[in-house]
Amino acid sequence: MSKLILLTGHISSGKTVYAKALAAKRGYRYLSIDDAYAIINGSDTCRDNKFEAWELLNRQIHTAEYLYQDVIIDVNAPTPDDRNYFLNMFPNFGEYHLLWIDCAPATCLENNRKRDRIVPEEHMNRMFKFYVFPQKNEDRYARRRWDSMTRVYNDGEHFKVENTHS
């Protein structure tokens with residue numbers, strides 16, 4: 001059975017670096033909302049055509065689902081409802097795993113300054129306030145449950161898997 005791994009966290013927390021490395025190591029298909037924006041708008045810096053970008057990402061996930069491909073999905077998904085969307089919308093994966101990158105806001109801001117696609121600091125500060133770190137049983141209103149929930153701490157130099165809830 002195929003696996004859906006949802007990777008979430010703050011902007012510039014290291015999600016993409018971690019997700020791409022994990023996908024390459026395990027042979028999973030890597031999908032991201034940033035790549036969907038790049039395809040739709042010709043640039044991952046442009047956030048126009050939000051509906052079309054999300055529609056493309058959904059189609060890519062459904063395609064992987066029906067081809068029995070394991071996927072890693074790289075999105076912010078800042079709230080339990082955002083994360084539970086993936087549990088409800090894609091019912092045919094065999095396993096569902098939630099990973100979140102826990103990274104201090106100061107480290108995220110520093111990482112952001114080094115990126116090609118710099119996100120305005122005021123937008124990042126809003127996200128820091130808005131983001132709800134995953135909690136055990138946050139999936140209680142979803143149609144299915146996360147098979148595992150794993151916190152990955154990024155200190156700015158290393159990723160460390162700190163704890164897992166199954």
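Trainee: Where does Asn49 lie?
Mentor: In this predicted model, Asn49 sits in the loop between helix H2 (33-41) and helix H3 (50-66). Its phi is positive, about 55 degrees, although Asn49 is not a glycine.

Trainee: Why is Asn49 called partly exposed?
Mentor: Its relative accessible area is 36%. Buried needs under 20% and exposed needs over 50%. The value falls in between, so Asn49 is partly exposed.

Trainee: And Ala77, buried or exposed?
Mentor: Ala77 has a relative accessible area of 8%. The cut-off for buried is under 20%, so Ala77 is buried. Ala77 is in the loop between E3 and H4. Ala77 also has a positive phi, about 40 degrees, without being a glycine.

Trainee: What makes Arg83 count as buried?
Mentor: Arg83, in helix H4 (residues 80-89), has 0% relative accessibility. That is under 20%, so the label holds.

Trainee: How do you know that the side chains of Arg83 and Glu138 make a polar contact?
Mentor: The distance is 2.7 Å. The limit is within 3.5 Å, so the pair qualifies. Beyond its neighbours within four places in sequence, Arg83 is also in contact with residues including Leu6, Ala77, Leu98 and Trp146.

Trainee: What makes E1 and strand E4 (residues 95-102) a pair?
Mentor: They share seven bridges, in the parallel sense. At least two are required, so they pair. Leu6 stands opposite Leu98 in E4.

Trainee: Why is strand E1 (residues 3-9) called largely enclosed?
Mentor: Six of its seven residues are buried, so the rest of the structure largely encloses E1.

Key: Residues numbered from 1 in each chain as written. Predicted model: local features only at pLDDT ≥ 70, side-chain atom pairs only at ≥ 80, totals over all residues. Heavy atoms only, no water. Buried < 20%, exposed > 50% of the residue type's maximum accessible area, 1.4 Å probe, protein only. Helix = DSSP H or I, 4+ residues; strand = E, 2+ residues; numbered from the N terminus. Polar contact = N/O pair within 3.5 Å; in protein donor to acceptor, adjacent residues only side chain to side chain. Contact = heavy atoms within 4.5 Å.
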